[in-house]
Amino acid sequence: MGTAGDRHLEAYAAYSTALAVLGCGLPLLLTLAAYGALGRAVLRSHGMTAAEKLRVVVLVASGLALYASSYVPYYVTQVLNVHARQRWRARCPAFANEAEAQAALDWKTYMSHQVTRGLMPLAICLHPLLYMAVAPSLGCCSQSCLGCTGSQTPEEDAGSSGQVLPLKITATPHILGP
């Protein structure tokens with residue numbers, strides 16, 4: 001019911017708590033601060049329509065929800081699992097038989113931790129899919145991808161958005177002799 005041996009369980013409990021704070025809590029706070037600043041900047045922007053602002057806010061909120069629904073449960077169940085193991089080890093000498101010891105195991109916490117361990121990597125796969133699903137509706141493709149515009153030339157794109165500059169390549173290929 002854990003990865004640390006019985007002799008190292010106390011140290012592992014401190015480690016898992018520190019890992020939860022530094023590996024989940026701190027990044028979550030930084031992400032909330034960064035996305036909050038982004039949200040304020042978007043909402044105060046005068047160059048975006050209300051629909052574009054809403055799309056950006058939905059993208060940001062979806063990213064936060066995905067992060068919070070995958071990483072937070074994993075770290076919380078990890079800490080709870082280690083503490084359940086500590087409680088079980090503290091009671092261990094008092095068990096009358098193996099059946100009583102088996103009944104005292106906190107299988108719900110253990111199983112929920114195993115499920116969240118399996119689901120956490122899915123968030124890494126879902127983030128790009130989330131951005132791919134929302135990016136075309138933001139209109140960013142027509143501003144930065146020359147192949148996506150179809151009918152516009154780079155010069156027309158540069159004139160309309162002011163962000164893309166035409167690339168003129170004048171170098172000729174250099175062929176090395178035998």
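How many disulfides does this structure have? The count comes to zero. Please keep in mind that what we are looking at is a predicted model.

Let me stay with the cysteines for a moment. Cysteine 24 has a relative accessibility of 6%, and because buried means under 20%, this residue counts as buried. Cysteine 125 has a relative accessible area of 48%, so it falls in the partly exposed class, which lies between 20% and 50%.

Now the overall layout. The protein chain has seven helices and zero strands. Read from the N terminus, the order of elements is simply α-α-α-α-α-α-α. Of the 178 residues in the chain, 26% are buried. If we take the contacts in the chain with a separation of 6 or more, 67% of them are between residues 24 or more positions apart.

Next, the record. An unreviewed UniProt entry carries the annotation "transmembrane region" for residues 12-35 and for residues 56-76. What does the model show there? Residues 12-35 are 100% helix and 0% strand, with 33 Å between the end C-alpha atoms. Residues 56-76 are likewise 100% helix and 0% strand, and here the end C-alpha atoms are 29 Å apart.

Are tyrosine 74 and tyrosine 75 buried or exposed? Both are buried. Across the whole structure, a search finds four aromatic pairs. In the pair of tyrosine 74 and tyrosine 75, the ring centres are 5.0 Å apart and the planes meet at 75°; edge-to-face requires over 60 degrees, so this pair is edge-to-face.

Last, confidence. The chain averages a pLDDT of 75, and 71% of the residues score at least 70. Over residues 141-165, however, the pLDDT is below 50, and this stretch has 20 contacts in the model beyond near neighbours in sequence. Where pLDDT is low, the predicted coordinates should not be read in detail.

Note on methods
Residues are numbered from 1 along each chain as its sequence is written. This is a predicted model: local features need pLDDT of at least 70, side-chain atom pairs count only at pLDDT 80 or more; totals for chains, interfaces and linings use all residues. Side-chain values use heavy atoms; hydrogens and water are left out. A disulfide is a pair of cysteine sulfur atoms within 2.5 Å. Buried means under 20% relative accessible area, exposed over 50%, partly exposed in between (1.4 Å probe, protein chains only). UniProt positions are given in the numbering used here, feature names are shortened, and annotations may be inferred rather than shown by experiment. Helices (H or I, at least four residues) and strands (E, at least two) are DSSP runs, numbered from the N terminus. pLDDT is the predictor's confidence in each residue, from 0 to 100. Contact means heavy atoms within 4.5 Å. Rings of Phe, Tyr and Trp (its six-membered ring) pair if their centres lie within 6.5 Å; planes under 30 degrees apart count as stacked, over 60 as edge-to-face and the rest as tilted.
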